[in-house]
Amino acid sequence: AQRRQINRMIDSVYDEFLRKVEEGRSMQLRMVKRIANGRVWTGQDAYRLGLVDQLGGLHDAIEAAKLLSGAGEEARVVEVKTKKSLLRRFREAGLSSFVTDSVVSSILADFFNSPSVDVGMLKSLMTQCNGKPVLLDPSLLFYR
């Protein structure tokens, strides 16, 4: 039941993404689905397919954002550091192999403000998805 719920939520996010691409790129949904199909494109391929307006790096994107926002070229850019995920902190502390399922379950349940977290399901998803986190939601942790 949990797996079906997770799959429905992932499908919902993916459908929303497709609709935003359809609108933002003025493409027919049929074409967006044909192009997307769960793939990741190189910058050059994305440009060729009409998924991006131009190629460039982070500096180019920041300069474009300044101009589009009307902030001007001299606007100051501040880098905002994000908090590390709970699982990343475990890994960096070298604790991931020493912490028992019950400890992880308790910590995650507290972290997500939920009475219980199915650690077995999380481990199964991590194994199936090469341990790469996809989405952190206030109530669930998704892997893809």
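Mentor: Contact here means heavy atoms within 4.5 Å.

Trainee: What kind of model is this, and how are its residues numbered?

Mentor: It's a predicted model, where local features need pLDDT of at least 70 and side-chain atom pairs count only at pLDDT 80 or more, while totals for chains, interfaces and linings use all residues. Residues are numbered from 1 along each chain as its sequence is written, and side-chain values use heavy atoms, with hydrogens and water left out.

Trainee: How many helices and strands does the chain have?

Mentor: There are 7 helices and 2 strands, in the order α-α-α-α-α-α-α-β-β from the N terminus on.

Trainee: K66 is a lysine. What makes K66 count as buried?

Mentor: The label goes by relative accessible area: under 20% is buried, over 50% is exposed, and partly exposed lies in between (1.4 Å probe, protein chains only). K66 comes out at 10%, so it is buried. This residue sits in helix α4. Leaving aside residues up to four places away in sequence, K66 touches A71, G72, E73, A75 and V77. For the whole chain, buried residues make up 20% of the 144 residues.

Trainee: While we're on α4, how do you know that its span agrees with its 12 residues?

Mentor: The expected span is 1.5 Å times one less than the number of residues. For α4, residues 58-69, that should give 16 Å, and the end C-alpha atoms are 16 Å apart, so the two agree. Just past α4 comes G70, with a positive phi of about 80°.

Trainee: Which residues of α2 are buried, and how do you know that they share a side?

Mentor: In α2, residues 29-36, the buried ones are V32, I35 and A36. They cover an arc of only 90° around the axis, which puts them on the same side of α2; that arc is taken over the directions from the helix axis to the C-beta atoms. In general, an α-helix has 3.6 residues a turn, so residues three or four places apart point the same way.

Trainee: What do the buried residues of α2 pack against, and what is on the face turned away?

Mentor: They pack against α1, residues 2-24. The face turned away carries the exposed residues R30 and R34. After α2 comes N37, whose phi is positive, near 45°.

Trainee: Why do you call R25 and D53 a salt bridge?

Mentor: The rule asks for a side-chain nitrogen of Lys or Arg within 4 Å of a carboxyl oxygen of Asp or Glu. The closest N and O atoms of R25 and D53 are 2.6 Å apart. R25 lies in the loop between α1 and α2, and D53 in the loop between α3 and α4, so the pair ties together parts that are 28 residues apart in sequence. R25, at 26%, is partly exposed, whereas D53, at 60%, is exposed. By the salt-bridge rule, the count comes to 5.

Trainee: Last one: what makes the nonpolar surface patch?

Mentor: Y47, V52 and L55 make it, at about 260 Å². Patch members need over 30% relative accessible area and no salt bridge; like charges are joined within 9 Å, and nonpolar side chains (Val, Leu, Ile, Met, Phe, Trp, Tyr) within 5 Å. Y47, in helix α3, is partly exposed at 45%. Areas come from the Shrake-Rupley method with a 1.4 Å probe, and for residues only the protein chains shown count as cover. The chain's accessible surface comes to about 11200 Å², with 53% belonging to carbon and sulfur atoms.

How values were computed: Helix = DSSP H or I, 4+ residues; strand = E, 2+ residues; numbered from the N terminus.
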